[in-house]
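Colleague: I have not looked at this one before. Can you walk me through it?

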Amino acid sequence: MKRLFFALLLLCATIAAEACTSAIVSGKLTANGRPMLWKNRDTNDQNNRVERVKAHDGLYEFVALFDARDTRDTAAWMGFNEKGFAIMNTASYNLNIDKVPEKDMDKEGLVMRIALERCVTVDDFEQLLNSLPQPRGVEANFGVLDAQGNAAYFETGNYSCTKFDLNDEPSGIMTRTNYSYSGIRDKGYGYIREANEKYLLKKHISKKDITPAVFTEEISRTFYHSLLGMNYNNGSQQYVVDQDFIARSISTASMVIEGVLPGEDPSLTTAWVALGYPPCADVFMCNIGEGGVPKVLNGTGKDNHSPQCDVVNQREAEVFSIKRGSGKSYINLHKLYNDKGTGYCQVLTRKNMQVYAEGYKKLAQRRAMLNNLTTK
């Protein structure tokens with residue numbers, strides 16, 4: 001494993017550490033009983049894409065989120081494989097107290113790429129982390145899920161790793177932003193964003209009705225600010241400062257990976273992807289296998305861009321339209337919510353809910369077909 005890690009390290013361009021807001025949800029709280037991972041990705045690289053990487057040399061096929069500039073697909077930022085193993089991360093800023101050079105850091109995407117190729121279970125990933133040479137070159141909260149319904153966060157630094165098992169969490173849900181619970185107290189970032197997330201999820205937790213759409217259509221499109229006690233979605237205010245909302249100008253995707261029930265075929269694991277700035281994004285369903293990832297999400301455009309991400313980036317430019325001075329820090333909320341109902345959030349949510357309905361019909365058909373095959 002050490003040889004593999006160093007060999008891939010030579011191929012991996014340095015990737016700037018990202019932020020992000022995330023959650024791991026037990027099937028006890030979801031509408032259909034299936035667990036899920038969610039990540040609202042924040043990064044300075046606005047050009048993301050989704051690719052299917054075929055199985056080769058004994059490694060597993062997987063689907064993952066990549067940066068467009070990462071032309072060799074060396075760093076995966078969220079994904080799942082043919083065995084139903086799924087992984088994501090959020091950067092942490094309160095774990096490491098060492099002096100590892102910056103050039104040797106930010107290897108989280110590389111670790112996740114290796115995991116997607118090789119892991120089947122949460123235990124496999126724990127063994128992978130323990131086998132990596134130290135310092136690991138990471139400071140992150142890794143969230144993982146497997147086809148047996150096991151899930152955990154691993155708060156992982158250069159020389160430390162603390163596991164938080166979902167089975168040990170009475171509420172059935174865990175959240176992480178940009179600090180680690182096992183890290184240095186009151187250091188790191190994302191405290192307000194996590195409070196936003198918990199507030200917005202509270203009603204769904206009590207009703208046990210969480211779906212992927214709760215994350216992509218509500219959590220990632222709601223401009224609620226827990227510290228101010230304000231929700232700006234009503235469109236009464238045109239401009240607000242882009243500070244501590246879940247969706248920010250550097251948000252580049254909202255992605256939910258929905259697992260399977262115990263005993264179900266792992267190939268039914270599904271990702272629901274809102275690529276680009278989430279308030280302006282369309283949702284697409286992604287699965288393992290040929291044709292499982294819509295081509296519009298692939299890096300088929302100029303400079304390895306996803307054509308869909310380019311479309312959403314153009315919409316985002318209208319939301320952050322003031323270019324002079326500090327204007328780039330202001331959100332034009334009327335482009336997202338307005339009295340006419342023509343804001344991007346309003347129009348796209350209606351469209352995306354239809355995508356979900358059609359997608360679940362297809363999943364039901366696939367599930368029935370697979371069940372028929374196993375009973376014959």
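Colleague: How many bridges join strand β2 to strand β14, and which way do the two run?

Modeller: Seven bridges join β2 (residues 36–42) to β14 (residues 251–258), and the two strands run antiparallel. Strands pair if DSSP finds at least two bridges between them. Before we go on: this is a predicted model, where local features need pLDDT of at least 70, side-chain atom pairs count only at pLDDT 80 or more, and totals for chains, interfaces and linings use all residues. Residues are numbered from 1 along each chain as its sequence is written, and side-chain values use heavy atoms, with hydrogens and water left out.

Colleague: What is the bridge partner of D42 in β14?

Modeller: That is S251.

Colleague: And what counts as a strand or a helix here?

Modeller: Both are DSSP runs, numbered from the N terminus: helices are H or I with at least four residues, strands are E with at least two.

Colleague: What is the strand order in the open sheet of six strands?

Modeller: The order is β10-β1-β2-β14-β15-β16, with antiparallel pairing. β10 and β16 are the edge strands, each pairing on one side only. On average, neighbouring strands in this sheet are turned by 15° against each other, direction ignored.

Colleague: What does α4 touch when it packs on the sheet?

Modeller: α4 touches β1 (21–25), β2 and β10, and its direction makes about 160° with that of β10. Touching means contact, with heavy atoms within 4.5 Å. Axes are lines fitted to C-alpha atoms, for helices over the stretch in contact, and angles run from 0 to 180 degrees between N-to-C directions.

Colleague: Switching to charges. How many salt bridges does the structure hold?

Modeller: It holds 20. A salt bridge is a side-chain nitrogen of Lys or Arg within 4 Å of a carboxyl oxygen of Asp or Glu. One of them joins the side chains of R41 and D67, at 2.9 Å from N to O. R41 sits in β2 and D67 in β4 (residues 62–67), so the pair links distant parts of the chain, 26 residues apart.

Colleague: Is R41 buried or exposed? And D67?

Modeller: R41 is buried, at 1% relative accessible area. D67 is buried too, at 1%. Buried means under 20%, exposed over 50%, and partly exposed in between, with a 1.4 Å probe and protein chains only.

Colleague: How far apart are the closest N and O atoms of R185 and D186?

Modeller: They are 4.0 Å apart, in a salt bridge. R185 is exposed at 71%, and D186 is exposed at 61%.

Colleague: Which residues of α3 are buried?

Modeller: In α3 (residues 122–131), V122, F125, L128 and L129 are buried. They lie on the same side of α3, because they cover an arc of only 115° around the axis. The arc is that of the directions from the helix axis to the C-beta atoms. The face turned away from the buried side carries the exposed Q127 and N130.

Colleague: What covers the buried residues?

Modeller: The cover includes β6 (86–91), α2 (108–118), β7 (140–145), β8 (151–156) and β9 (161–165).

Colleague: Last one. Where is S180?

Modeller: S180 is in the loop between β10 (173–176) and α4 (191–207). S180 counts as buried, at 2% relative accessibility.
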